[in-house]
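Reader: Please pick one part of this model and look at it closely, including what surrounds it. Give the cut-off for each term that you use.

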Amino acid sequence: MSRFVRKIRKWTVDALDLPSDLVYDLPRLTLIGGQQLYIENHRGVVNFSPEELHLALSQGTLEVEGKELVIKAIMPEEVVIEGRIFGIKYRGMEE
């Protein structure tokens, strides 16, 4: 991404008081008690098993580790995971 585009996005976030996840297309995660995880702005499931979930993001991947994981709902840009969640790793794309 060019320097000019980054500056325009930053100005947009600051001037219009918009959430940065909306402007930068970042994932938004909501974890409820280690039992339920709601993820917005994903780009698809890469790998899923009862012990791990890998999601593609616009910039990298998200890895969820746990036990007895179940995809309760999946929509084009949202996914709800339930089970015992032990860890979440964000692996961004290296520039």
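Author: Of the 95 residues in the chain, 28% are buried (under 20% relative accessible area; exposed is over 50%, partly exposed is in between, with a 1.4 Å probe and protein chains only). The model is a predicted one, in which local features need pLDDT of at least 70 and side-chain atom pairs count only at pLDDT 80 or more, while totals for chains, interfaces and linings use all residues. Residues are numbered from 1 along each chain as its sequence is written, and side-chain values use heavy atoms, with hydrogens and water left out.

The chain holds two helices and six strands (DSSP runs numbered from the N terminus: H or I with at least four residues for helices, E with at least two for strands). In sequence order the pattern is α-α-β-β-β-β-β-β. Contacts (heavy atoms within 4.5 Å) can be split by sequence distance: among those with a separation of 6 or more, 40% are between residues 24 or more positions apart.

Strand 3, residues 44–48, runs antiparallel to strand 4 and is joined to it by four bridges (two strands pair if DSSP finds at least two bridges between them). The link from strand 3 to strand 4 is a hairpin of three residues. Strand 5, residues 60–74, also pairs with strand 4 in the antiparallel sense, over six bridges. Here the hairpin has two residues.

Phe48 stands opposite Leu53, and in strand 5 the bridge partner of Leu53 is Val64. Leu53 also belongs to the largest nonpolar core, which has eleven residues: Leu37, Ile39, Leu53, Leu55, Leu57, Leu62, Val64, Leu69, Val79, Ile81 and Ile85 (a nonpolar core is a set of buried Ala, Val, Leu, Ile, Met, Phe, Trp, Tyr and Cys residues joined through side-chain atoms within 4.5 Å). At least two residues of this core come from each of strand 2 (36–40), strand 4, strand 5 and strand 6. In soluble globular proteins, nonpolar side chains tend to be buried together.

Leu53, Leu55 and Leu57 are among the core members. In a regular strand the side chains alternate between the two faces of the sheet. Leu57 touches Pro27, Asn41, His42, Arg43, Leu62 and Tyr90, leaving aside residues up to four places away in sequence.

Leu69 counts as buried because its relative accessible area is 4%. From Leu53 it is 16 residues away in sequence and 8.2 Å away in space, C-alpha to C-alpha. With residues up to four places away again left out, Leu69 touches Phe48, Ser49, Pro50, Glu51, Glu52, Leu53, Val64, Ile81, Glu82, Gly83, Arg84 and Ile85.

Arg43, one of the contacts of Leu57, also forms a salt bridge with Glu77 (4.0 Å, N to O). Arg43 lies in the loop between strand 2 and strand 3 and Glu77 in the loop between strand 5 and strand 6, so the pair ties together parts that are 34 residues apart in sequence. The whole structure has three salt bridges (a side-chain nitrogen of Lys or Arg within 4 Å of a carboxyl oxygen of Asp or Glu). Arg43 is partly exposed, at 39% relative accessible area, and Glu77 is partly exposed at 41%.

The side chains of Glu63 and Arg91 meet at 2.9 Å, N to O, in a salt bridge. Glu63 belongs to strand 5 and Arg91 to strand 6, so parts 28 residues apart in sequence are tied together. Glu63 is buried at 14% relative accessibility, whereas Arg91 is partly exposed at 43%. Glu65 forms a salt bridge with Lys89, with the closest N and O atoms 3.4 Å apart. Glu65 is in strand 5 and Lys89 in strand 6, so this pair ties parts that are 24 residues apart in sequence. Glu65 is partly exposed at 33% relative accessible area, as is Lys89 at 36%.
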